[in-house]
Structure formats: structure tokens, C-alpha cells
Amino acid sequence: MNDTTIEVESVHKHFGTALALDGMNFTVLPGRVTGFVGPNGAGKSTTIRVILGLDAPDSGRALVGGQPYRHLRHPLRHVGALVDAAALQPSRSARNHLLWIARSQGLSTRRVDDVLELVGLRDVARRKAGGYSLGMRQRLGIAAALLGDPPAIIMDEPFNGMDPEGIIWMRQLLRSMATEGRVILVSSHLMSELQDMADHVVVVGRGRVLANDGVDELITRASKDEVVVRTDTPSEGVSALQHVGAVARVLDPNTISVSGIEAQRVVEVLSQAHVPFGEVIAQRASLEDVYLQLTSGEVEFRGTMGNEARQ
Amino acid sequence: MNTSNTPSMPPNEVGRGSFIPVLRSEWTKFRTVRGWGIGVLAAVLLCVGFTFLVANGNNEGGCTGPPAPGSGPNSPGSNCYVGHPFVPIGPNGEAVADSYSYVHHRLTGNGTVTVQVTSLTGVISTSPASEAPSLTRTKPGLAQWAKAGILLTSSAKQGSPYAAVMATGGHGVNWQYNYTHDQSGLPGAVTNSSPRWLRLTRNGNTLVGYDSTNGTTWLEIGTARLAGLPATVNIGLFVTSPVTFQSTSGGAPTAATATFDHITMNGRATVADWKSTSVGSGPRDYYPTLGASTTRRPDNGVVLSGSGDISLAVNPLAGGDDASSIVWFGLLVALIMIIVIATMFITVEYRRGLIRTTFTATHRRGFVLSTKAIIIGVVAFVVGTLGSAAGVALGEHALKNNGNFIFPANTFTVTRVIFGSGALVGVSAVAVLAIATILRKSASAVTAGIVVFVLPYVIGSIATGGVGTWLFRLTPAAGFDVLGTLPRSTLVNFPQTMANGYYPLAPWAGLAVLCAYAALALAMAFFVLRRRDA
């Protein structure tokens, strides 16, 4: 492939007897923010480590821009990754932390100062990283990921420990980088963190992809086409709606539940039958609902995978 | 945004990666942790400091009897002295033994001396170590390297160039010159029924030794060319008999008595007017002797008793210090510091999870390990070299000030000890880095480093018997063999043990053993690193 993508192809991975990845299979395209969600232990971190060449898969492969990570000459110019913000030598300054990474990629000291400026750490760059707050460490980790100006960026749980201001900054940063045409993969175990930011989500559980779709499509598909009607005469309304072939039933003395026809048609039918009604509400699922629906069968396996515990 | 507008795969960016950026990266890592820099500096200073302290702790001096009233040390008439007994220095700068009985005459120009040796017998001192040896407490016995024969020497000064043909206690007839050269002649012991004839000729600077069983058929044993030999030299008969270590580890002085007959110089019977001296048996001379005597015999004969040796000086007798005897402790301390730093260089990354950042930046894990090995190896080499160079310089100064004898070592040997110290610390550091890579935990890796690289030295230097010797041959402690400076001689029977400062392996062989361990550890670390998930 000429365009940068991240491809994960049928990756299997065991840790001892525990199956961490069970045919993980998805592609991350450029120009949009892709959320990578699933309960703890679903295999998100393991997948990211396989993409980054840190863990060797038992079978299958992961490609970055059509190449295995271990074939990249200056990998951080292709993929920037934030895997663990706590991974710092406490006695080394933030600037020197970025400097050794820059040296390994043949990048200049100037680039180090640029990314420090970008993440807002310029003024504290010469302080020991051991004294940084969790949020500052996240910013430093993001600076490291951006160092090589890579076309693909992978972030494993980047919002952990960030203050609300930081989370907003982070969302804007990732969105703008997606707009520039980069591949952005952001993992989280909380779907709510991805709301308003992700264009696309890959939902995983037990080492497999459960859903891989646009956010809008997922919501539409998950929303049962249920319409709720407020009326003082529910039994008349039910019989009028059943007459046109809809499934309707009385929920309580003021409420009818209808499915099988759209809200627009419900209004038409009730008006024609002269049934008085107060409100017609089309129920729509939230991203959180979608996620809970998809993963309800998976959460009980939390903790048995063991791969999150390895962090 | 400070980023480009059209991100895509950088061109020509697929490849195996190059080594130099990784080296620069790892060097940046190393130099940006201040504690490691301080540790490295401390290692050098501790090495220098402890070397100086060990050297400064050595003081020499003593009395050979009650001091004469009203006289200070080293003044005429005093039996007390400050400093080490006198150790002569040979023509090539080496410490030598040069003590013997001598009945001699001057020889100007070319000439030949011939003599018949009809007996060679000896006694061994039985005095306890607390008493001065004397001829009154001896038992019969002839040292292997008891010597009796013809000696030509450029001057009576100890350490002068010489050549000699001699009958020996257990090595037959030998031709020796300038303390280290030896060639064998007729085998067998000298007895009345089987005497030996010896002959030494001078022709310019060329000296030749012969032997014969009958005085008519002569065999040449060897030739020596002594450059710069003066026109007039001393030539004569000598007897000497070295300290034996056969029954006591401290050594027992011996004396030998030889009977010489039919002495001729340039074909003319002579000996009556020859002078008799005892060389190197004064109160300040280091070599233990049992006394000397000369008895003239009729028919150009002489019975000569003597004690001492003409050979390389060896440490159990000369009792000197050398670079390795003072630098070892400082080096051990520096090594422990370096073991800790080498361990931290990798284990901190594992503890903090930083290793994943390292391996995403450089997926060629072998590069990461080899660049770390180069950096810690070079740093440790510099630590060992600087610490040893400054420590030995300061330490030898202290030794001299305190009146100690320093075994002379040539520039090559001193250079080898200094850079060898660096190599010892450097190679150990690389091996410890490899072990730490395998173990990943600071505490266990530091423990392993000390157990493998420090403990064998400590055990080896206090163990008695063969254990220490084998530890310095087979374990990583063999690396310390690179410190050996004392010259060995096959012409002296003495215990060449660790306790006397003689390391069991040749310097480079010892270092090679250490390198083999480091190579093994590195190979295992490369293997594990390649196989393991990060």
C-alpha cells in the first residue's frame, strides 16, 4: 500500500496458556480518528505491542504502511506511539529523554525543542522527569510520539490521569492531526472518552474484533427502531397502529411503545385516527449503549486474559 | 501545528537501520543520568585513593642487632636501618640475586681459566625462622641450584654483567650469563670418582664455556657476548648455594662447599695470590646467607664454601612490592562501583518500562545491547586505566618514601598493568551488562556481578593451596592475572604462588579467560533479547 495504514491481519498470541489475541483483524485508515475500545484484558495493549514489534505474534502479522515494523529504518518517523507515560528514567530531564529518542532516529535537537513547545512543556523541559505529574508525563509521552512527525500515531489509554483541560487539548490535537491525513489509533477502555472525537471505532473483546465501523453507522444499527408515544388514550392508539401493521403495546396508562414503523408514520396514523397524543419520541442509542451491548458478554472474562496485568 | 501537511511514508525508509544513531542515542542516555557520571568519577577516585592507602600502609625498616649507642638509623656503626635491604639491579634493569664466595684474579685481555671440580657438598639451615641462620645449626643437603665453577665478571659490584661455567647440585654442568641465560652441559653430580673439568675463555667480548670429564676432551657448552666488557675483568672460582623451599614455605638458607684442583690461568698453574672475597653477604644485602670460607690446598687447589645465588631475584626473598600488590584493592572497589552502574544501565529500563520505548525506537535489539556494551565497556576501561595509572604513580611514590623496595618493571610491563587494569574493569562491565540484560532485576544482577567477578578474587587470594591457583585460572578472576609483573625464572626453585605475588596465568591468557566469560554472557543475552517479548 502506498498510503499509510495500519493493518492487523489474523494475529494470534498466547501468553503461556492464556489466549491474548484470537485472530485480531482490522485496518486503520488515514484521515480519521479510530477508537480502539474494549474491556480491560480484551487485547488492546497486546495488539499495539504487536504492531510496534515489541511482542512477536504466534501467527498473523501487523503492517505499518505495508511494512512490518521491524523493517522500518527509522520507525519513529513512521509511527509515533505512546504506550506507557510512566516509562521514564526519573533522574533524566524531559528534554534529555526526548534527546536520546531523537538521536536514535537521526533527528535534530531543534526538533526536540519544537515538540516540547507543541505539548506545552518548554518551560519545564530541563526539570527531572521524575518530578512530573501524571498529566505532564502524558504530554511528554505525546511529545515523544510526535518527535518523528510520523504519518501514523498510536496512543494506548492517553487520557489516563489527564485533567479535563488536558483531555480537551488532547482531543483537539488528535482531531487536527487526523484532518492532516494521519492515521490515528486511540485505545481506551471507556467509550465515553472517545465520544465526540472518534470517527470510527474498532470494538474488541477476548482478543477478537466485535465491531469495526463508523460511529454513526454503529449507532444507527444499534438503535432499535422503537418509538414511544405519550397519550391519555393508549388502547385506542394501539388498535389504530396495529391496524396499519405496526407492533404496538401499552407500557403504562400514558405510554405506548411502537416498533415496525417510523416516528413520522406514527404521527400520521394517530392523527388520521384522531387519537390525541402529547409526544412522539424516536429512541436513539448512545455510543456507550452500543459498546455495552457489544461487550456485555465479554466483561465477565475481565482479568482472565492476563495481558493488561503485564503492564 | 508544527507538523507537515501531507504526512506519508518517508521515502527510502525501509532498511535495517544503522549502528551510529543507536550508539549516539545510548551515549545520550548514559551521560544524561547525573548519578552515573558521579559514580564513574567516584570509581576513579576510590581506585586512586585505595591504591595510595594500600601503598602508604607499607613501611620497611628494622634492626639486625641492638643499635650502637648514640647513633641513628643508617649511620655508620648502627645495626638499625630505615628502608628495604639492598636488592641489586642487573644489566637489563631486572632485580637480581648476586651473593657468592669468590677467589679471583684480574684478567686483562684474552685468557682462559681451567679447573677440576672434585666434590660439591652442602648443608641446609635448621634454625627456626625467629633466629638468624648460622652454620652451627644445619643438616646435610645440597640445593638443586648450588653452583661451583668459574665466574668472569666485569666488576665486583653486585648486578654486574657476568658469565660462568659451573657444576650444580642437581642440574649437571651449566653455562650461565647475565642472570637469565642458561645452557646445559654434562649431566650428573660431581664426586671424587666422577670429577668435572670446567673451562672459561675470553676472546674480546666473546666468552665461551667448556666442560670435560678428563681434562683433555673438551665440549663447548655455550657462548656469551657481553657488549662493553672492560679490558680488565675479574675471573676466578665461585661457590654459592640458594635458599631452598623444599621443606619449609619460608625457605631455608643453604651453603655449599666445593673442592677445586688443577687451577690454571692461561696454562699456568696459579691460585696462591688470588684474592678471596664474599660478595653480597653484608648486613644490608637482602639474600639470606649462611657464611663463607676459603681454605687453600696444595697443588693449586682450594676448598671454597659459599652461600647465596646468582640469578633473578624472586619475591619470597627480595620481599618487594609491585604495581599489582598495591592496585588490586582499589581496582576491586572500582569494579564494584562499575558493576552497579553497568547493571543500572539496562535494569532501570526494565523496571520503568523504558525498554519498550527503546525497542520501538530501535527494533534491532542486538544494536541496543552492543551499543550499551561498547559504552559501558569504554567507560569502565577508562575508569580502570585512569584509576590504575594515577593510583600506581601515587602509590609507588608512597612506597619509595616509606623505604620499600619496588620490583623493577620495564615500561612495557607498567603500561600493560595500567591498560590491563582498564581491560579488566571494562570486560567485566560488559559481562555484567549482559548478565543484567538476562536477569532484568537490579538487585539480582548486582549480586550476580559481585559473586561472579569479585568473589572469586577474594576467595582466591585468601585460599591456601591449589584452590586459589585454580580460581585464578578458571574463573573470571583470571582477568586479574593481567596485573602480574614479577618475572619468573626456571633457574630458581621457589614457590611461584599467589601468596608470593605470582599469578598462575600469563597476563594476556588471564584476560582471555575473562573475555571468554564476557563473550558467553553476551551471546546468551543476545539470544534471550531476540526471543523475549519486550
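**Close-up views of the predicted model**

**View 1. One salt bridge is counted between chain A and chain B.** A salt bridge here is a side-chain nitrogen of Lys or Arg within 4 Å of a carboxyl oxygen of Asp or Glu. The side chains that meet in this way are those of A:Lys13 and B:Asp533, at 2.6 Å from N to O. This is a predicted model, in which local features need pLDDT of at least 70 and side-chain atom pairs count only at pLDDT 80 or more, while totals for chains, interfaces and linings use all residues. Residues are numbered from 1 along each chain as its sequence is written, chains are lettered from A and ligands numbered from 1 in the order in which they are written, and side-chain values use heavy atoms, with hydrogens and water left out.

**View 2. Chain A and chain B bury about 4,100 Å² between them.** Carbon and sulfur atoms give 55% of this area, which is the accessible area (1.4 Å probe) that two parts lose on being put together, summed over both. A:Leu54, A:Arg73 and A:Trp100 supply 18% of what chain A buries against chain B, more than any other three residues. In contact (heavy atoms within 4.5 Å) are 49 residues of chain A and 39 residues of chain B.

**View 3. Across the interface of chain A and chain B, 11 residue pairs are in polar contact, both residues at pLDDT 80 or more.** On the side of chain A that touches chain B, two or more residues come from each of β1, α2 (94-104), α3 (109-118) and α5 (164-179) of chain A. The most, 7 residues, come from α2(A). By class, that side of chain A has 19 nonpolar, 15 polar and 15 charged residues. A polar contact is a pair of N or O atoms within 3.5 Å; within protein, one must be able to donate a hydrogen and the other to accept it, and residues adjacent in sequence count only if both atoms are side-chain atoms. Ala, Val, Leu, Ile, Met, Phe, Trp, Tyr, Cys and Pro count as nonpolar, Asp, Glu, Lys and Arg as charged, and the others, Gly among them, as polar.

**View 4. Strands β1 (residues 6-15) and β2 (residues 18-28) of chain A run antiparallel, joined by 8 bridges.** Two strands pair if DSSP finds at least two bridges between them; helices (H or I, at least four residues) and strands (E, at least two) are DSSP runs, numbered from the N terminus. A:Ile6 has A:Val28 of β2(A) as its bridge partner. The hairpin has 2 residues between the strands, and A:Gly16 takes a positive phi near 65 degrees there.
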